[in-house]
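Subject: Structure for you to look at

Hello,

Here is the structure I promised to pass on. Please open it and keep it beside you while you read my notes.

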Amino acid sequence: MRGTMSIRRRLTLLLLAGAAALSLIGWLLVRDVVERAAQETQDGILGAATRAVADEMRGGVEGVEIDIPFMAFSILGAAGEDRIFYRVTVGGETVTGYGDLPLPDDAATLAPRFLSTPFRGEAVRVAVIDRTLLAGGRSVPVRVALAQGNRSRDALAARLSNRAAVVGFGFFLMAAALAVLTARSVTRPVRHLADSVARRGPDDLRPVDRPVPTELAPLVAALNGFMARLDAGADRTETFIAEAAHHIRTPLSALRARAEIALRGADEATRAHLRDILRLTDGTARTAGQLLDHAAVVHRSDQRGGSAEIDLARLADDVVRAARPLAELRDIRLTLDVPGPVILHGDRVPLEAALRNLIDNAVKYSPDESEVHVTLRPGATLTVEDRGRGLSDPPEALMRRFARGANAGDVLGTGLGLSIVETAAAALGGTLTLTPRDGGGTCATLSLPS
């Protein structure tokens with residue numbers, strides 16, 4: 001399944017992205033306000049200085065008297081150390097100042113007008129005021145222009161913008177911390193719910209009754225419904241396996257019993273047919289038993305059946321006793337050597353199926369009048385040794401489902417015996433090992449955790 005980003009990480013990233021966007025927007029807004037305020041401040045000072053110069057001009061009989069007050073330059077000097085330029089025109093002619101200082105082309109007004117323009121290698125702000133004076137018996141238009149460099153204004157705006165950036169970065173850090181805390185707080189109930197389910201045993205399918213936020217209630221309801229269906233399905237499967245075993249083994253046992261009874265009073269030709277029926281019945285019963293054992297072991301392995309205290313020595317003795325009648329039909333001597341009680345904890349169903357199939361496999365492939373020896377050693381290690389046909393294929397190949405050795409074609413079987421043992425051993429935390437036996441035959445070792 002393709003991996004996806006966790007909810008907490010996604011929520012954290014979304015909150016961080018929102019905080020970063022808000023911080024950036026806030027900084028841009030503050031910078032715009034700061035630049036506007038710095039410009040308005042400069043315009044106010046520059047306009048006041050220009051008005052002071054214009055107010056000092058007088059008209060007379062001989063012409064216009066121009067007296068540029070020192071106060072006007074003091075006002076501009078107090079606002080910064082930028083260069084100051086001025087220009088005064090009377091009747092359109094420059095009478096003092098910088099004759100190339102740019103002037104606006106719009107109509108004259110009494111209020112200051114402002115112009116931003118480059119002048120002599122730097123950006124300046126120009127303020128212009130127009131007056132009309134009576135000089136020499138006629139009205140004369142007078143224009144006063146003062147200009148100041150923008151360096152001090154830009155430096156002030158930069159300082160304020162930098163401070164705003166520091167504040168915005170601090171806001172982002174605080175928002176980032178809050179985002180992480182918020183993401184953890186929001187996902188904490190989900191994590192607690194997952195932990196409570198993960199701590200359960202594999203066979204614990206009880207409904208989840210942990211209190212959860214309202215938003216998680218549908219998830220918990222769906223989870224409880226799923227576990228209820230899973231529990232019901234597991235019960236139905238186990239019931240089916242048990243009923244199938246009963247309904248298959250009972251008729252086969254009855255058929256075998258009737259065939260044995262008929263064998264006693266039959267003539268020689270009929271007896272041969274009845275013996276074939278008995279062999280086929282035994283093979284069918286063994287095949288059905290292995291199929292049912294395999295289904296039970298796989299089911300119990302998936303469900304991790306309940307753990308209980310088991311005396312492996314007594315269980316091995318019961319399985320060997322049950323297998324002896326079949327071994328004696330072929331004069332096979334089946335022996336068991338146990339040191340005493342060997343106690344372990346596990347699921348009895350797959351363990352019993354493993355022992356039964358391990359011993360049945362050894363008996364089935366052993367020649368008549370041979371011996372199968374079962375040894376239980378301390379440490380929960382069971383060894384089954386036979387003088388059968390040996391290993392014709394690698395052990396891992398023989399443990400696969402429905403796999404049979406190249407030398408077993410003439411023996412009725414399903415290829416499930418060793419697969420059942422290996423699956424049961426894995427479910428119990430143990431291992432199955434197959435090795436050739438000195439002198440011919442096979443040695444199967446089932447090692448289980450004690």
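**The chain overall**

Keep in mind that this is a predicted model. The chain has 450 residues, and 38% of them are buried. It contains nine helices and 14 strands. Take the contacts between residues at least 6 apart in sequence: 63% of them join residues at least 24 apart. The chain exposes about 25,500 Å². Carbon and sulfur atoms supply 57% of that area.

**Salt bridges**

Side chains of opposite charge can pair when their charged atoms come close. How many salt bridges does the structure hold? The count is 13. Here are some to find.

Start with Arg-120 and Asp-100, whose side chains meet at 3.4 Å, N to O. This pair links distant parts of the chain, 20 residues apart. Arg-120 sits in the loop between strands E5 (113–119) and E6 (122–135). Asp-100 sits in the loop between strands E4 (93–97) and E5. Arg-120 has a relative accessible area of 46%, so it counts as partly exposed. Asp-100 is partly exposed too, at 43%.

Next, look at Asp-368 and Arg-330, with their closest N and O atoms 2.8 Å apart. Asp-368 lies in the loop between helix H7 (348–364) and strand E11 (371–377). Arg-330 lies in the loop between helix H6 (312–328) and strand E9 (333–337). The pair therefore ties together parts that are 38 residues apart in sequence. Arg-330 is partly exposed, at 26%.

Now go to helix H7, which holds both Glu-352 and Arg-356. They are four residues apart, about one turn of the helix. Their salt bridge has its closest N and O atoms 3.8 Å apart. Glu-352 is partly exposed at 28%, and so is Arg-356 at 32%. Elsewhere, salt bridges that share partners join Arg-113, Asp-130 and Arg-143 into one network.

**Surface patches**

Which residues form the negative surface patch? They are Glu-56, Glu-62, Glu-65 and Asp-67. Glu-56 is in the loop between helix H1 (7–55) and strand E1 (58–59). Its relative accessibility is 35%, so Glu-56 counts as partly exposed.

There is also a nonpolar patch of about 510 Å². Leu-22, Phe-171, Met-174, Leu-178 and Leu-181 make it. Helix H3 (residues 151–198) gives the largest share, four residues. Leu-178 lies in helix H3 and is partly exposed, at 48%.

Best wishes

Note on methods. Residues numbered from 1 in each chain as written. Predicted model: local features only at pLDDT ≥ 70, side-chain atom pairs only at ≥ 80, totals over all residues. Heavy atoms only, no water. Patch = residues over 30% accessible without salt bridge, like charges linked within 9 Å, V, L, I, M, F, W, Y side chains within 5 Å. Areas by Shrake-Rupley, 256 points an atom, 1.4 Å probe, with all protein chains shown as cover. Salt bridge = Lys/Arg side-chain N within 4 Å of Asp/Glu carboxyl O. Lys, Arg positive; Asp, Glu negative; His and termini not counted. Charge placed at Lys NZ, Arg CZ, Asp CG, Glu CD. Helix = DSSP H or I, 4+ residues; strand = E, 2+ residues; numbered from the N terminus. Buried < 20%, exposed > 50% of the residue type's maximum accessible area, 1.4 Å probe, protein only. Contact = heavy atoms within 4.5 Å.
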